[in-house]
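Subject: Structure handover

Hello,

Here is the structure I promised you. Please open it first, then read my notes below.

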Amino acid sequence: VMASDTSHYYGSSPAITVVKRTNGVIARTEPGPGVTVDGEVIWSYEIINSGNITLTGIIVTDNRLGVIVCPDDVLGQGEAVTCQASGVATAGQYSNTVTVVGTPPVGEDATGGDVSHYYGVEAQITLKKLTNGQLGDSLPGPYILVGDPVTWTFVISNTGNSHLAEIVLTDDQLGGVSCPLDELASGQQMSCVVTGLATAGQHTNTATVHGKPPVGPNVSAFDTSHYFGVEPIVTIAKLTNGEDAKSAPGPYIMEGATVTWTYIVTNSGNITLTTVAVTDDQGEAVTCGETSLGLDGTMTCTAVGTAGSGQYGNIGSVIATPLFGPQVTAADASHYFGVSPELALVKR
């Protein structure tokens with residue numbers, strides 16, 4: 001006699017895999033996609049039952065975000081489910097790791113994991129403008145003599161954490177400024193230089209720089225610098241007995257009569273003059289009421305003498321020291337003719 005019977009078993013091979021994306025990108029290596037700081041980050045977790053048996057009680061855990069809620073915790077053979085989490089980007093390199101666990105009917109739990117990265121872009125650019133090596137942020141800035149060279153230096157720094165491209169520098173008075181580079185790595189710096197000649201008076205100009213980060217809006221910075229173009233000028237007008245007698249003979253004055261010379265000194269420049277001193281080439285003692293002149297200031301000095309006989313001429317000179325720059329001088333001549341009593345009698 002014979003008999004037979006059939007028996008079966010199922011070789012369970014549980015397996016689970018997870019594919020993690022950051023803002024839609026599989027970024028298993030640094031740096032991953034660039035994301036503007038405070039911008040939205042979306043992580044997606046594609047969970048796949050890659051084994052040959054149903055898995056239940058599936059748990060998805062992110063080392064930075066905690067447990068991730070998924071729409072289903074049971075996956076049949078070959079089935080997949082996608083879970084999502086979101087957050088706000090922080091500055092710099094960021095990575096997080098996901099772990100997934102599923103329970104088969106028999107045997108040990110199936111596990112899987114994946115890592116993803118992003119780079120939080122915090123783009124920044126700074127600009128410092130110097131005039132003749134000085135930070136002329138406030139008025140008046142450095143004093144520069146009219147006609148002397150002026151050098152503007154623009155120091156541009158990438159103070160953010162990302163590369164900047166398409167860097168463009170302009171100045172509201174100088175126009176476009178040429179620079180040695182048009183892009184800067186994080187922490188890199190460059191200087192751009194423009195030269196010119198100082199003109200009179202107060203000068204102000206503002207520079208602006210723009211740069212393009214890998215993601216997000218362009219960044220910009222500006223800085224203002226000043227200088228004062230110094231033009232010191234002093235003038236003197238000399239009068240003899242109230243007459244402007246630059247050429248001979250000048251007024252006729254009776255010999256032995258009093259002669260009064262008046263010296264009118266004016267600050268005709270754009271800066272205060274100090275230690276103003278007036279002298280006469282004939283040794284006349286000149287008296288002045290003050291020794292400094294503000295802008296457009298005028299002072300009158302005098303000397304008194306006794307008229308001699310015949311033609312007489314003398315020159316009044318002034319020397320003054322400006323608050324900045326070399327001393328300035330001016331001179332003016334005046335004349336009179338001394339009439340003797342004998343000559344006056346003959347004339348009558």
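Start with L323, which sits in the loop between β23 (310-322) and β24 (328-339). Keep in mind that this is a predicted model. Is L323 buried or exposed? Its relative accessibility is 57%, so L323 counts as exposed; the cut-off for exposed is over 50%.

Now the cysteines. A disulfide is a covalent bond between the sulfur atoms of two cysteines. How many disulfides does the structure hold? There are three. Counting bonded cysteines along the chain, the pattern is 1-2, 3-4, 5-6.

C70 pairs with C83, with 1.9 Å between the sulfur atoms. C70 lies in the loop between β5 (66-68) and β6 (80-88), and C83 in strand β6, 13 residues apart. This link is right-handed, with 105° about the S-S bond. C70 is partly exposed at 22% relative accessible area. C83 is buried at 1%.

C179 pairs with C192, and their sulfur atoms are 2.0 Å apart. C179 is in the loop between β13 (175-177) and β14 (189-197), while C192 is in strand β14, so the bond ties together parts 13 residues apart in sequence. C192 is buried, at 1% relative accessibility.

C288 pairs with C301, again with the sulfur atoms 2.0 Å apart. Why is this disulfide right-handed? The torsion about its S-S bond is about 110°, so it counts as right-handed. C288 is partly exposed at 28% relative accessible area. C301 is buried at 0% relative accessibility.

Best wishes

Methods. Residues are numbered from 1 along each chain as its sequence is written. This is a predicted model: local features need pLDDT of at least 70, side-chain atom pairs count only at pLDDT 80 or more; totals for chains, interfaces and linings use all residues. Side-chain values use heavy atoms; hydrogens and water are left out. Helices (H or I, at least four residues) and strands (E, at least two) are DSSP runs, numbered from the N terminus. Buried means under 20% relative accessible area, exposed over 50%, partly exposed in between (1.4 Å probe, protein chains only). A disulfide is a pair of cysteine sulfur atoms within 2.5 Å.
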